[in-house]
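Please look over the structure below before reading on.

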Amino acid sequence: MDALVTTSLTKHYGHREMPVHRPGHRPAGTVRALEDLSIVVHEGEIFGFLGPNGAGKSTTIRLLLGYLHPTAGSASVLGLDIVRDSVEIRRRVGYLPGGIALYDSLSGERLLDYLGELTGRPSIRRAELLDRLELSSRTLRRPVRDYSRGMRQKIGIVQALQHDPELAVLDEPTEGLDPLMQRAFYGILDDLRAAGRTIFFSSHILSEVERVCDRVAIVRRGRLVALEDVARLLERRKRNVELRVDGDPPRLEAVPGVSGVRILPDGRIDCQLDGDVGPFLAAIAGHRVTDLTIEPAHLEEAFLELYEDAEPDGDDGTSAPEPVVSAPAPPTPAVLP
Amino acid sequence: MSRTLFGHAWRSQRTKLLVVCVAIAAWSTFLPVIYQSFGTQMKTLIDSGVIPKQLTNFGGGDVFSLGGAIALGYVHPISIILLSVFAVGFTTSAIAGERQRGTLEVLLARPLSRWQVYLTLLAAVLVFIGLVLAAASIGTLIGSAVVGVLDELAIERLPMLWLNGMLLWGTLAAIGLAASVSFDRLTPALGVTMAIVVVSYFLDILGSLWPDAAGLQRYSLFHYLTARDVLGGTVDLPGLALLAVVGGIAIAVALAVFPRRDLAAPS
């Protein structure tokens, strides 16, 4: 079963936020916060949801959890309709809002008890989460107002996951966490994935998305611009290659996948390599290569490239590009000994 | 209704509730003492013409009878401020305040419908107001007993007085909650509710002190709190019904607006 499906999900706002949702009402000066978003998140995967500020990430999450009402389109979470079954969805989903605000007068322990009771499901993961995020019982007895930003974020993570939700919606989950805690958090995500839980993960930290996500969707100005496997996205990325040879330089211009060949004054050769490295290796095989560097592709470059590829569009989002949507990635071939 | 949310509201307000109950009980104890100590002298003073007669009817209360003194206690600014702690302060911060602080995000991430949240908070504020008014009645009883005028008090009519107070303050609380669910910030919700309370109070007091403005009183919700008449055995049923209708409209508005509102990310 798919954990999350959106079909042409759309949200428009008036210039001044309308106090009451009125289906079909399109005031003058409508801002299209989200336009025709269609994505599928499979059960058991960690799905990254990326985009710059104002791209529509939070709008999407808020639509899925019933904070906002869709202008058009539909969506289901765990097979439940987001409009009709919002309460049941929230029973089965854990949500970490971005920049979470907590009840300052409560102690950490009392806060987790309170939120756990409201959820109505036993907090079976709480002890494990507290242990992994190094939140001691002494810390939990202190009022939340005394907590640092990182500690608040840890409490936010615990409240979202303590009842072992089938789907966790996490908005910037590592914001404020130090590197050690970030690593601990990634470990928690790995365990959740191993246990078959689904994670819908919004982040600005691309290395983090690359580290934890199976697939990513990239939104820009309310529209989907890419939906890909992370491995596939990385594979698509041009690699930066630098090599040095003794003797005549190889003729790389005509090699499939190679572009931007430059021979520098000191004899080094620069180029970009796209896709399979086999033809490139074959082209340099007859030469005496004294140094070779192929930089690993990072998601950040792929991400930025997708943005650069996108057509500039107006505020109404009318000329956004067609999304790049990949089929499931084939097994990655081994290319180098 | 959510018992857990109700419990949270109770725990967060209980100290404040205790303080307000003690304060209003003390104030209500004081009024029979004033009546017993100064009522006769004040009546002589008024009858002498030194003080204009209009000043003997402040919002339907006076100090020349026990019923009048109790009524005066109910419309005195001290009572208004104490009851407004919950009818205005609690209600406006319950949704708009949580929204402004960002904690509504966490609350509405739980499996609670917005109706459930609203009705739980409405029940909580009605309990708080009911307890404050009960404390006022207890204070009245204690004060009357201490100064030996208990025989002048129709104790069996105190529950009707409590009900009259509940309808007035419950209606104001419903208006406060309706404002609270309609705004993203505390200030406008508080401003709208305070404006309704202050204007309503002003119309009633102005009409009670100035005969030419007496016609304005019917537009004030406070006009339908008729403590002296209730203790005297007369119940203004149309007035009570009007308070119930206004309160019902405020509840209906909140129940219509809150579930349909778009709650954008807090800024």
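This is a predicted model: local features need pLDDT of at least 70, side-chain atom pairs count only at pLDDT 80 or more; totals for chains, interfaces and linings use all residues.

Chain A has 11 helices and 15 strands. Of its 337 residues, 41% are buried. Chain A meets chain B in a contact that takes 27 residues from chain A and 23 residues from chain B.

**Confidence in chain A**

- The mean pLDDT of chain A is 83. A value of 70 or more is reached by 83% of its residues.
- Confidence is highest in strand β6 (residues 93-96) of chain A, with a mean of 95.
- Confidence is lowest in strand β15 (residues 324-325) of chain A, where the mean is 54.
- Residues 311-321 of chain A stay under 50 in pLDDT. The model gives this stretch 19 contacts beyond four places in sequence.
- Residues 327-337 of chain A also have a pLDDT below 50. This stretch has 10 contacts in the model beyond near neighbours in sequence.

**How chain A folds back on itself**

- Take the contacts in chain A between residues at least 6 apart in sequence. Of these, 73% join residues at least 24 apart.

**A four-stranded sheet in chain A**

- In what order do the 4 strands of the open sheet stand? The order is β2-β1-β4-β5 (chain A), and the pairing is antiparallel.
- β2 (31-42) and β5 (80-81) of chain A stand at the edges. Each has a single partner strand, so one side of each has no neighbour in the sheet.
- Strand β1 (residues 2-13) of chain A is joined to β2(A) by 8 bridges, and the two run antiparallel.
- Along this pair, A:Val5 stands opposite A:Val40 in β2(A). A:His12 stands opposite A:Arg32 in β2(A).
- β1(A) also pairs with strand β4 (residues 72-77) of chain A, over 5 bridges in the antiparallel sense. Here A:Thr7 faces A:Ser74 in β4(A) as its opposite residue.

**A strand in the open**

- Is strand β14 (residues 288-294) of chain A largely in the open or enclosed? It lies largely in the open, because 0 of its 7 residues are buried.
- Strand β11 (residues 239-246) of chain A is joined to β14(A) by 6 bridges, and they run antiparallel.
- A:Val241 stands opposite A:Ile294 in β14(A).

**An enclosed helix**

- Helix α6 (residues 149-161) of chain A has 13 residues. At 1.5 Å a residue it should span 18 Å. Its end C-alpha atoms are 19 Å apart, which agrees.
- Of the 13 residues of α6(A), 11 are buried, so the helix is largely enclosed by the rest of the structure.
- The buried residues of α6(A) include A:Met151, A:Ile155, A:Ile157, A:Val158 and A:Leu161. Among them are also A:Arg152 and A:Lys154.
- These buried residues pack against β6, α3 (108-119), α4 (126-132), α5 (137-140), β7 (167-171) and α7 (179-194) of chain A.

**The nonpolar cores**

- In soluble globular proteins, nonpolar side chains tend to be buried together.
- The largest nonpolar core has 143 residues. Those with the most contacts inside this core are A:Val169, B:Val125, B:Ile129, B:Val132 and B:Leu177.
- Helix α6 (residues 158-182) of chain B gives the most to this core, with 13 residues.
- Beyond residues up to four places away in sequence, B:Val125 touches B:Phe86, B:Ala87, B:Phe90, B:Thr91 and B:Ala173.
- A second, separate core has 7 residues, including A:Val241, A:Leu252, A:Val258 and A:Leu273.

**A buried serine in chain B**

- B:Ser84 lies in helix α3 (residues 77-101) of chain B.
- Why does B:Ser84 count as buried? There are 23 other C-beta atoms within 10 Å, and the cut-off is 20 or more.
- B:Ser84 touches B:Gly89 and B:Val197, leaving out residues up to four places away in sequence.
- B:Ser84 and B:Gly176 are 92 residues apart along the chain, yet their C-alpha atoms are separated by 10.0 Å.

Notes:
Residues are numbered from 1 along each chain as its sequence is written. Chains are lettered from A and ligands numbered from 1 in the order in which they are written. pLDDT is the predictor's confidence in each residue, from 0 to 100. Two residues are in contact if their C-beta atoms, placed from the backbone, lie within 7 Å. A residue is buried if 20 or more other C-beta atoms lie within 10 Å of its own, exposed if 12 or fewer, and partly exposed in between; C-beta atoms are placed from the backbone. A nonpolar core is a set of buried Ala, Val, Leu, Ile, Met, Phe, Trp, Tyr and Cys residues joined through C-beta atoms within 7 Å. Two strands pair if DSSP finds at least two bridges between them. The expected span of a helix is 1.5 Å times one less than its number of residues.
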